Amino acid sequence: MRILIKGGRVVDPKNNIDKITDVYLDKGVISEIGDDINYELEGLELEIIDATGKIVVPGLIDMHCHLREPGFEYKETIETGTMSAAMGGFTSIACMPNTKPVVDNAAIITYIKEKAKEVGKVNVYPIGAITKGQKGEELAEIGEMKFAGVVAISEDGKTVKNPVLMRHALEYAGMFDTTVIAHCEDKDLVDGGSMNEGYMSTSLGLRGITRAAEEVVIARDILLSEVTNVGVHIAHVSTRGGVNLVRDAKKRGVKVTCETCPHYFTLTEEAVDGYNTNAKMNPPLRTEDDVKAICEGLADGTIDAIATDHAPHHIDEKNCEFAHAANGIVGFETAFGLSYTYLVKSGILSLNELIKKFTINPAKILGLGKGSLSEEAKADIMIFDADEEYEVHVDAFKSKAKNSPYDGFKLFGKVLYTIVRGKIIVSQGILL
């Protein structure tokens with residue numbers, strides 16, 4: 001299919017483009033960017049998208065999500081997860097390995113890739129486990145998984161408790177040029193807690209989780225990265241101390257990158273009031289000062305990327321006592337609107353800076369070769385409306401799961417079109 005996107009504001013940080021122009025797509029790639037393009041050739045089908053007053057950017061990349069398949073299809077599937085991702089403007093997503101069975105061998109990696117080709121709406125990139133079965137006892141076959149198609153390794157949902165094992169993981173990852181994504185959580189310091197430790201946890205009578213549970217492991221993994229001279233990527237940073245640790249390490253030249261998630265710069269622990277299980281996540285929501293620190297880290301470049309940590313759960317796993325409820329929220333369909341509203345509209349980031357954190361930065365960290373509107377690049381594109389306010393309706397999500405604290409939020413940055421490899425997946429905000 002040939003597609004001509006007319007008259008939109010095209011923003012592409014990699015190529016320093018920010019102007020009103022046209023984008024022409026042909027045979028699944030970006031064929032031309034220029035003014036007043038006209039390709040209405042007789043006998044050839046051409047879809048024209050009027051993007052006047054809208055913004056055209058590279059398709060978003062989520063480097064941290066959970067699709068739940070195989071094993072937990074009652075929560076989400078590759079099909080429903082990618083439908084949700086497309087509605088959120090994501091054209092490429094990297095899925096974590098904590099499935100059943102765990103993604104720790106070539107057979108499961110191949111299954112995910114083939115299933116994504118069959119039913120997926122967007123590009124899906126598997127992430128392999130660091131240890132076999134995520135048991136923290138023995139390294140998984142990192143080389144085998146790399147050749148099978150993983151873009152990173154992670155123990156997400158768990159921390160590699162043994163520092164010697166984590167050091168070896170970094171060393172092997174360095175040999176195979178594979179990104180290590182660190183979930184930083186000391187379970188001993190968590191000590192059975194279910195929300196951030198502080199006034200709110202005390203007032204609700206819930207066991208709190210000290211921020212040190214996250215920061216101790218961030219510090220450890222930064223030091224291991226420094227001693228091995230192999231890069232490490234810190235997942236879902238949520239505290240001021242965590243931001244400071246990464247910032248200081250970068251100043252020393254350590255090969256560390258990090259991400260945060262929209263809930264860590266839009267919500268605080270106050271959202272838990274009333275025992276709201278849709279505000280229960282891991283790491284937990286923190287304080288207003290931590291939110292401020294996350295915003296500062298995004299603004300000064302300490303935080304490289306914004307990821308969703310899309311974590312779908314069945315309603316029964318959230319409709320229970322707070323301490324027993326599952327951690328996590330769905331994030332695909334709210335991530336960009338929250339980020340645009342709370343970061344760009346508020347002046348914390350420029351649009352260009354925001355798009356970087358959703359495109360070229362995660363692409364570089366994962367080695368995807370994506371995230372731009374370069375000519376001859378795969379035509380992965382998102383078009384959104386920056387001006388019209390819209391309301392979040394959780395019941396309308398395409399995800400199987402509805403566990404989100406953002407129902408009723410009014411946001412800007414509504415996704416209108418998602419184009420994957422030159423095919424329109426979302427048109428005028430409707431999944432095709």
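A salt bridge here is a side-chain nitrogen of Lys or Arg within 4 Å of a carboxyl oxygen of Asp or Glu. In this predicted model, the count by that rule comes to 19 salt bridges. Side chains of opposite charge can pair when their charged atoms come close.

Take D188 and K161 to start with: their side chains meet in a salt bridge, with 3.4 Å from N to O. D188 sits in helix α5 (residues 187-190), while K161 is in the loop between β10 (152-154) and α4 (163-175), so this pair ties together parts that are 27 residues apart in sequence. Both partners, D188 and K161, are exposed.

Next comes R240, which makes a salt bridge with D289; here the closest N and O atoms are 2.8 Å apart. This one runs from helix to helix: R240 belongs to α8 (residues 240-251) and D289 to α10 (residues 288-300), so the pair ties together parts that are 49 residues apart in sequence. R240 counts as partly exposed, at 23% relative accessibility, and D289 also counts as partly exposed, at 40%.

K117 is exposed, with a relative accessible area of 65%, whereas E114 is partly exposed at 44%.

With a relative accessible area of 44%, E389 is partly exposed, so it clears the 30% cut-off for a patch.

Now for the chain as a whole. It has 14 helices and 22 strands. Its radius of gyration is 21 Å, close to the 22 Å that the globule rule gives for 432 residues, so the chain is as compact as a globular protein of that length. The C-alpha trace spans about 70 × 45 × 45 Å along its principal axes. Of the 432 residues, 61% count as buried, meaning that they have under 20% relative accessible area.

Note on methods
Residues numbered from 1 in each chain as written. Predicted model: local features only at pLDDT ≥ 70, side-chain atom pairs only at ≥ 80, totals over all residues. Heavy atoms only, no water. Buried < 20%, exposed > 50% of the residue type's maximum accessible area, 1.4 Å probe, protein only. Helix = DSSP H or I, 4+ residues; strand = E, 2+ residues; numbered from the N terminus. Rg over C-alpha atoms; globule rule 2.2 N^0.38 Å.
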